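Biologist: I'd like to go through this one with you and ask where the labels come from. Can you put it up on the screen?

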Amino acid sequence: MSETRLADQDLSALVDEWLEWAEVAERLGVSVGKVRTMIREHQLAAAVPWERAGQRVPALFIDGAEPVKGLPGLLTLLHDSGFDDRECIAWIFLDADLPGRPIDALRENRGSEVKRRAQALAF
C-alpha cells in the first residue's frame, strides 16, 4: 500500500558497483579534492550505500574520463526539487516513472525524457 520513500531505498541493492572517491579521481584524472568539489557542485552525487562504507559514487555515473552526459544538469534539477544526493541516486537508479532506469537513458544519450520527468517533480 505504501511506497518506499526515495530516502529509504536500499542503495546497495539498486546500484551494482560503487567507487570510492580516490577511484573516481583516478578514472577522471583529477584530485580527490576536485571530486569533492564536483559532488558539491552537483556534477556527481555520492552517498553511503551500506553501513560503515563511507561515501561512494555509483560507477555508472562515470563515462570514460568524465561524468555521464546530462548527469550534472539532471542532478541540479533534482536538487532544485529538494532532493539530497541519496534521493537523487535512488531516483536515477529506479525505473518507477520511465521505461527503464534514468541512468540507462542518460548513458544511451536519451536524456531529454529523463530531464522532462525530473522537471515535473518540482510541480
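Biologist: Let's start with Gln9: in which segment does Gln9 lie?

Modeller: Gln9 sits in the segment before α1 (11-14). Keep in mind that this is a predicted model.

Biologist: And what makes Gln9 buried or exposed?

Modeller: The relative accessible area of Gln9 is 16%. The cut-off for buried is under 20%, so Gln9 counts as buried.

Biologist: Which residues is Gln9 in contact with?

Modeller: Leaving aside neighbours within four places in sequence, Gln9 is in contact with Thr4, Leu14, Arg86, Ala90 and Leu94. Contact here takes heavy atoms within 4.5 Å.

Biologist: How do you know whether Leu44 is buried or exposed?

Modeller: Leu44, in the loop between α3 and β2, has a relative accessible area of 0%. Buried needs under 20%, so Leu44 is buried.

Biologist: What does Leu44 touch?

Modeller: Not counting residues up to four places away in sequence, the list includes Val24 and Leu28, along with Met38, Ile39, Phe61 and Ile62. Pro67, Leu71, Leu75 and Asp85 are touched by Leu44 too.

Biologist: Val24 and Leu28 bring us to α2. Which residues of helix α2 are buried?

Modeller: In α2 (residues 21-28), the buried ones are Trp21, Val24, Ala25 and Leu28.

Biologist: Why do you say that they line one face of the helix?

Modeller: Look down the axis of α2: the buried residues fall within an arc of 100°, so they line one face. An α-helix has 3.6 residues a turn, so residues three or four places apart point the same way.

Biologist: What do the buried residues of α2 pack against?

Modeller: Their partners are β1 (18-19), α3 (32-40), β2 (57-58), β3 (62-63) and β4 (66-67).

Biologist: And what follows α2?

Modeller: Gly29 does, with a positive phi, near 70°.

Biologist: Zooming out, how many helices and strands are there in the protein chain?

Modeller: There are 7 helices and 4 strands, and from the N terminus they run α-β-α-α-β-β-β-α-α-α-α.

Biologist: Why is the chain called as compact as a globular protein of that length?

Modeller: The globule rule gives 14 Å for 123 residues, and the radius of gyration is 14 Å, close to that value, so the chain is as compact as a globular protein of that length. Of the 123 residues, 41% count as buried.

Notes. Residues numbered from 1 in each chain as written. Predicted model: local features only at pLDDT ≥ 70, side-chain atom pairs only at ≥ 80, totals over all residues. Heavy atoms only, no water. Buried < 20%, exposed > 50% of the residue type's maximum accessible area, 1.4 Å probe, protein only. Helix = DSSP H or I, 4+ residues; strand = E, 2+ residues; numbered from the N terminus. Arc of directions from axis to C-beta. Rg over C-alpha atoms; globule rule 2.2 N^0.38 Å.
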